[in-house]
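Subject: Model for your files, with notes

Hello,

Here is the model I said I would pass on.

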Amino acid sequence: MTSPADSAVRPGVNETFVLNLGPQHPAAHGVLRVKMTMDGEYVMRAEPVIGYIHRMHEKMGENRTWAQFLPNTGRIDYLSALHYNHAYVAAVERALKIEVPRRAEFLRVITSEMNRISSHLVWWSAYLIDLGGLTPLLYAFDDREKLLDLLEAVTGSRLTYTYFRFGGVYNDVDEAFLRGTRQFVREFRPRLKMYRDLVTDNIILRKRLENIGPISAEQCRKYGATGPVIRGSGVAYDVRRAEPYSVYPELDFEIPTRPEGDSMARYLVHMAELEQSLRIIEQGLDRLPDGPVLGKVPRVLRPPAGDYCFAVEAARGRFMVRLVSDGKDIPYRVKLRTPSFSNLSLFEETSRGMILPDALALMGSLDLVIPDIDR
Amino acid sequence: MNILTHEPYRLLLALVALLAFVGVNAMYLVLAERKGAGRFQRRPGPNEAGYGGWLQPVADVAKLLSKQLLVPPGTDTILFRLAPLIVLAPAMMCLAVVPFSDTLTARDVNFGLLMVFSFGSINVLAIMLSGWSSRNKYAIISAARVVSQNVAYEIPMLLVAITLLMITGTMDLNEIVRQQAGGFWHWNLFRVWVNPLMPVTFVIYFICMLAETNRAPFDMAEAESELVAGAFTEYAGMGFGVFFMAEYANIVLGSSLATVLFLGGWQSPFGVFSGVLWFLLKMYALVFTVIWVRWTFPRTQFYGLLNLSWKILIPISLFTLLLSSALLKLVHA
Amino acid sequence: MNPTLDQLCEQFGRLVGTVPVPSKPPVPTASSSVGPALGLPVAASGEGRVAGPASESGAGLRPADQAAKMAAHPPPAPTGPIQKTDHAAKGYDLDVTVAPTQIVMAAEIMDRAGFGLDAITGVDWLAQEQMEVVYDYFHPTAPGRVAVRTRVPRARPEVPTIAAVFPGANWHERETHDFFGLVFAGHPDLSPFLLPEDATFHPLRKDYQP
Amino acid sequence: MEAALDTSQIVKFAKLDDLLALSRANSLWPLTFGLACCAIEMMAAGGPRFDISRFGAEVFRPSPRQADVMIVAGTVNRKMAPAVKTLYDQMLEPKWVIAMGNCAISGGPFVFPGQYAVVEGVDKLFPVDVFIPGCPPRPEALLEGIMALEEKLTGKRRWPVVKPPQ
């Protein structure tokens, strides 16, 4: 392949045109808009235009009490709502020095990892739709429904959970949940193998993803890209290990990385993370202690003045909440550092010179959730 | 009934029959595709409209017919309206020479193969027109893709056809079928003693057919996740419906041709009870495979698609051509 | 490559001037000595980046002079010192407050130490008539989280951009500009980002009225 | 005697309109248009468990020209509103709108005094036929919404309403 970027601009001849991809476009995963300057099918410049689903989460943080903001956290990245719950709840707990019972911590980890699986399944299926494979979606959603049944039983919701509370979790699990989760883990492993056989090893898929959109570790660092993106570039950065929280330090799991940095690497990291999440769930179920699920929490929350950060490894990468308190019962400032925002900021640089389908393959591999970008 | 044997009336009747066949066939192939996709995807598929969903295509067509007609402002009005007509015509023309059975041919001509391939390539022109006249960037990109894709795949397809032409020695489709009488080992697909690469030729033909009809995994023209609806983005109602119909007509045509050229047409695989049913069975088996492929594989890359044609399929089909001509000259002379 | 927190403290100390520069006679060519001493390329404080009216410290000085002055006479630290914080209590390990003009150099220290940009945030301190800008950094391979913060007067909220050091800062700064009206001097494009294209308001300012 | 003979009791002529309405009701092609959380439930409604395709509504068309019903699944903010309006205008008659989820109905949880971004209900932009409450609505609710739209078209309900046990 000759590099298109070199031959694109001939003196005096401007054959580029602007392709406005989105905000309604099948590959936009919602309402992302990308202003693409194209030369034929080659992308000269792809400039994401965001804000089409800006929902004022940060402003709302300053308008509601500490507890009232909690439901918002389930709607920022709706696919990994529990991780976002976790970060916010834990940041407030950090500010107020609230102790969380161990059973609650384990439940948080178990449900978070289940949420990660369901999130990755949605990513996987949506990504394959991007690549023109329509059937995996149905299989992934089949599995996801089983997971959602379990999560719904304890959290009361299918998607936008508000399960975690300051000092623990809202609801204790019952025997049926534990049994069902074990069964799910048992049944999901063969499914993963099937996914690998039928989809991951497909020659068309491999050809479409290998060497597409390579991202270096250095680029990830400079742009602050985290999650499967940085792990697909060979850096084993995972907040669960870098800034250990909850009971993750006690659990035995690996951080899957791939050195290649291309879309296939990110794909494989996602798939490997599914297996690791299963491992974590199993260990969590094995070690789940008895006890209360909600600690002692003051009636009115007034964290002492100061700022408090808490970062978690959400399904898309590092999610950090930075709370600024002035000692009142309403947050002074809630900053949400969302992974998709940083991950997408890479796109303009890395997509230069690719052809359109490859650029979209790259975009899909970044695992974007648009409200997570726009907040 | 004398009137029916008169040539112009007979042809007219045959064409009307073909039109009906193509229309109904497309309607129900869409249903089959949706039901089949449901089957592949562990869900029922359309089953509420009528018994088991059998009225679903009727509902779809009635809805499409009653949809508002629109020629978007700024388009090339004439071409925009012309494109859906042009896209269906060549498939109809080609089906006119396809021998559904010994006698069931709209027009039995002795240059059928030539006619099919020459009219078959008009199809791409129509998609190009629709893309060009739509005044939509996605449509133009799609049109450009379709042209390069069809040009690329026309060549190996024609090379395969020439190979067959040399082996059979005739362009008469009915004659080609007749040569394959007497059991499935006589089919061109299995005539490895004439050319050991015949199965390979068939595979090449099938791949080219997928590409020529713009079906997954080569559905660059209507690559939904990239180009919205490709060249048909601006078409609505029955204009869009006709493109859909043409797509299925082309699949049927491609499968029919594959049946005629490789699978013995209306010949029975066991040498007895030949007839139109065998033809339909073989053809629909191929159509089913096409649907099956679509719901199984992701889309290829565009340059991967072109590379496949220019770097793999064309050399192989050239080689089979050489091989069969050499074998004809040396062994079977 | 992975610096300890103490090393970072020392580097930042030299930057903000709270820790005295190791005893070393000042040499005439200030720019060439201070640059390496700070562990910074000299061009770091080039005109383009600190363009715009620098606030309290070193206003109106040419960059080289400014650096020299900073080394020789540490300016009165505009805000707090360098604090090592307890990660378990705060969520970060090092809390550095620098002058607005030193933001780029601070970013370069972080860049050299292998940190990645986490986020850029504004906080509007209406009562104090100040705007705080917080730069969060994370390290991809080593533990340690650093928050670098600076304060600018609310009337002229200007800080230099660090987009040249961390290209990822481009978006974060645009977003912060959207929300707070903070001007990042030298930023390539501060047009509305999350807000509609024609937005002129800055909703996260405490005095914002819709 | 002849005056008393009411042929409509013996022979029922399907009016073309009724037929068309029936056809349209059975062939509601939605626009591929997900905005936020509700879009995931919309996808789930297309999934194997709920399978929106049973009602012939799985043909998600990415081009507004070919779509019949626009499912506004998520929050519409002021930056997005012109685009949504354009999409509605680009759809061809007859067309319908389903407002899925609280955000599309009223702005949902994102309405508070001093909010600056969210359009408080898509009915401020164009007429809406069916409102589906929920945050997000379950896929069953979306199916119910589609059936409600069918009822609006044909005047008949496909299945009897299931009453919750008292």
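The notes below go through the chains, their contacts and some helix packing.

This is a predicted model, in which local features need pLDDT of at least 70 and side-chain atom pairs count only at pLDDT 80 or more, while totals for chains, interfaces and linings use all residues. Residues are numbered from 1 along each chain as its sequence is written, and chains are lettered from A and ligands numbered from 1 in the order in which they are written.

Chains A and B

Chain A has 16 helices and 8 strands; helices are DSSP runs of H or I with at least four residues, strands are runs of E with at least two, and both are numbered from the N terminus. Its C-alpha trace spans about 70 × 50 × 30 Å along the principal axes. The radius of gyration of chain A is 21 Å, which agrees with the value near 21 Å for a compact globule of 375 residues. That radius is taken over C-alpha atoms, and the globule rule is 2.2 Å times the number of residues to the power 0.38. Of the 375 residues of chain A, 63% count as buried. A residue is buried if 20 or more other C-beta atoms lie within 10 Å of its own, exposed if 12 or fewer, and partly exposed in between, with C-beta atoms placed from the backbone. Among contacts in chain A between residues at least 6 apart in sequence, 71% join residues at least 24 apart. Two residues are in contact if their C-beta atoms, placed from the backbone, lie within 7 Å.

Chain B comes to 13 helices and 0 strands. Its C-alpha atoms fill a box of roughly 65 × 55 × 45 Å along the principal axes. For 333 residues a compact globule would have a radius of gyration near 20 Å, and chain B agrees with 20 Å. Buried residues make up 53% of the 333 residues in chain B. Of the contacts in chain B with a separation of 6 or more, 76% are between residues 24 or more positions apart.

Between the chains

There are 5 pairs of chains that touch, and the most contacts are between chains A and D. That contact takes 26 residues from chain A and 33 residues from chain D. On the side of chain A, the largest share, 4 residues, comes from helix α6 (residues 135-155). By class, this side of chain A has 15 nonpolar, 6 polar and 5 charged residues. Here Ala, Val, Leu, Ile, Met, Phe, Trp, Tyr, Cys and Pro count as nonpolar, Asp, Glu, Lys and Arg as charged, and the others, Gly among them, as polar.

Chain B and chain C do not touch, with their nearest C-alpha atoms 24 Å apart.

Helix α6 of chain A also holds A:A153, which counts as partly exposed because it has 14 C-beta neighbours inside 10 Å. The C-alpha atoms of A:A153 and A:D172 are separated by 10 Å, with the two residues 19 apart along the chain.

In chain D, helix α2 (residues 37-46) is mostly covered, with 10 of its 10 residues buried. Among them are D:C37, D:C38, D:I40 and D:E41. What covers the buried residues includes α5 (102-130) and α6 of chain A, together with β1 (69-73), β2 (96-100) and α5 (139-154) of chain D.

Helix packing in chain B

Helix α2 (residues 7-40) and helix α3 (residues 56-65) of chain B have axes that come within 9 Å and cross at roughly 120°. Axes are lines fitted to C-alpha atoms, for helices over the stretch in contact, and angles run from 0 to 180 degrees between N-to-C directions. The two helices are therefore oblique to each other; angles under 35 degrees count as roughly parallel, over 145 as roughly antiparallel, 65 to 115 as roughly perpendicular and the rest as oblique. B:M27, B:Y28, B:V30 and B:L31 of α2(B) make the contact with B:Q56, B:P57 and B:V61 of α3(B). These residues divide into 6 nonpolar, 1 polar and no charged.

α3(B) also packs with helix α11 (residues 237-262) of chain B, at an angle of about 135° and with the axes 7 Å apart. This pair is oblique too. B:V61, B:L64 and B:L65 in α3(B) meet B:G237, B:M238 and B:G241 in α11(B). By class, the contact has 4 nonpolar, 2 polar and no charged residues.

Regards
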